[in-house]
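I opened this model to get my bearings. My notes follow the order in which I looked things up.

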Amino acid sequence: MASSNGEIQGLGKSQHERMRHDHLITSKQLSRADIETVLDRAAEIDADPSAVADRHANSVLGLLFFEPSTRTKMSFETAMKRLGGSVVDMGSIESSSVKKGETLADTVRVTEGYADALVLRHPKQGSATMASEFVDVPLLNAGDGAGHHPTQTLLDLYTIRENAGLDDLTIGIMGDLKYGRTVHSLAYALTNFDTRQHFISPESLQLPREVVYDLHQEGNGTQVREHDSLEEVLPSLDVLYVTRIQRERFPDENEYQKIAGEYQIDLETLEDARDELTVMHPLPRVDEIAPEIDDTDHAAYFEQAHNGIPVRMALLDLLLENHTQGETDE
């Protein structure tokens with residue numbers, strides 16, 4: 001159940017550690033032990049998905065997506081069905097009671113009556129925190145504006161661990177660092193490990209100052225550096241995490257074209273990269289990664305998307321198990 005300080009806490013180990021929390025709102029909640037619990041469970045599921053095929057046969061997952069999504073929504077639905085459960089979907093805003101003026105609080109309270117867990121995506125930062133105050137079933141934040149996207153972070157970490165390991169890691173994160181919620185979540189989560197984080201972006205899209213401050217305050221040896229060019233740090237990187245420069249953030253199209261062109265990678269860009277460099281992207285991409293990279297050993301972004309299934313299966317399994325156990329203990 002939810003602890004007073006809002007953290008997920010591991011209990012005694014059996015087949016795997018049980019996560020103790022009702023909701024997953026931000027990656028800042030996650031300790032190293034929490035992350036390893038989810039990733040280890042995901043690895044078990046990845047190795048033998050049939051072992052959990054009927055694990056939650058009577059459970060229902062409610063999907064509440066207030067903005068478009070492809071990978072996150074489909075992978076949550078697939079994850080729940082592969083656990084033996086079923087899914088109810090709010091559908092588009094235009095076809096829901098939200099169109100009639102229903103508040104988010106009322107929407108989640110109503111949907112709680114239909115489902116054993118909820119997944120919420122909303123354009124407003126902080127919406128998931130607010131919604132979690134109105135429900136008792138587990139609620140997972142699938143993205144809240146420019147805030148956080150913790151389940152994306154967990155699948156990112158799983159991909160990084162599979163390709164490069166999570167300790168003694170040098171990672172470059174490039175693109176829109178100001179508005180990119182995947183970036184914010186990943187940066188916080190990586191402070192649980194021995195990492196050197198390099199942030200590469202135009203000045204106008206740098207990581208928010210409060211995020212930089214928080215990362216420096218972690219005090220666990222995490223190194224944080226900011227750059228406006230990939231060239232100077234590329235040879236040292238184990239992982240390059242690329243994000244889209246968002247055209248809609250620029251009032252001047254010419255300014256966008258100038259900046260976006262400087263943050264694209266192709267085979268020529270990677271000539272100075274290590275042979276073992278792993279290139280990742282949360283997707284969708286536009287033109288920031290050339291298609292010619294897709295067939296190289298560097299490319300891990302489609303693998304990354306596919307990892308959303310075992311990771312979200314693991315997360316749902318742990319949270320639903322905990323919630324059921326909590327009800328039994330009451």
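**First sheet**

I began with an open sheet of five strands, ordered β10-β9-β8-β11-β12, with parallel pairing. At its edges I found β10 (223–227) and β12 (278–280), each with a single partner strand, so one side of each has no neighbour in the sheet. On average, neighbouring strands here are turned by 20° against each other, direction ignored.

I noted the terms before going on. Two strands pair if DSSP finds at least two bridges between them. Helices (H or I, at least four residues) and strands (E, at least two) are DSSP runs, numbered from the N terminus. Axes are lines fitted to C-alpha atoms, for helices over the stretch in contact, and angles run from 0 to 180 degrees between N-to-C directions.

I also noted the ground rules. This is a predicted model, where local features need pLDDT of at least 70 and side-chain atom pairs count only at pLDDT 80 or more, while totals for chains, interfaces and linings use all residues. Residues are numbered from 1 along each chain as its sequence is written, and side-chain values use heavy atoms, leaving out hydrogens and water.

Strand β8 (residues 169–174) runs parallel to strand β9 (residues 195–200), over six bridges. Which residue of β9 is the bridge partner of I171? I found Q197 there. Helix α5 (residues 150–163) packs on this sheet and touches β8, β11 (239–242) and β12. Contact means heavy atoms within 4.5 Å. The direction of α5 makes about 165° with that of β12.

Most residues other than glycine have a negative phi, and most peptide bonds are trans.

Strand β4 (residues 60–65) runs parallel to β5, joined by four bridges. L63 stands opposite D89 in β5.

How many cavities of 30 Å³ or more does a search of the whole structure find? I noted two. The search uses a 1 Å grid over the protein atoms alone: a cavity is a set of points where a 1.4 Å probe fits but cannot get out, a pocket is an open set with protein on both sides within 12 Å along at least five of seven lines, and lining residues have an atom within 4 Å of a point. Grid points are joined across faces, edges and corners, and a volume is the space filled by probe spheres set on the points.

The largest cavity holds about 70 Å³ of space. Its lining includes R71, Q152, H281, Y301 and R312. Helices α2 (71–82), α5 and α9 (301–306) each give two or more residues to that lining. Domain 1 (23–147 + 307–320) and domain 2 (151–305) both contribute to the lining, so the largest cavity lies between them. The domain bounds come from an automatic or database domain assignment.

The second largest cavity has about 40 Å³ of space. Among the residues lining it are R244, Y256, D287 and E288.

I moved on to the largest pocket, with about 620 Å³ of space. It is lined by 26 residues, of which R181, T182, R244, L283 and P284 lie nearest its centre. The largest share of the lining, three residues, comes from α6. Where does this pocket lie? Domain 1 and domain 2 both give residues to its lining, so the largest pocket lies between them.

**Two last look-ups**

I checked P284 again, in the loop between β12 and α9. The peptide bond from L283 to P284 is cis, with omega near 5°.

Finally I looked at D214, in helix α7 (residues 209–217). D214 touches K28 and Y188, not counting residues up to four places away in sequence. The C-alpha atoms of D214 and Y188 are separated by 8.3 Å, with the two residues 26 apart along the chain.
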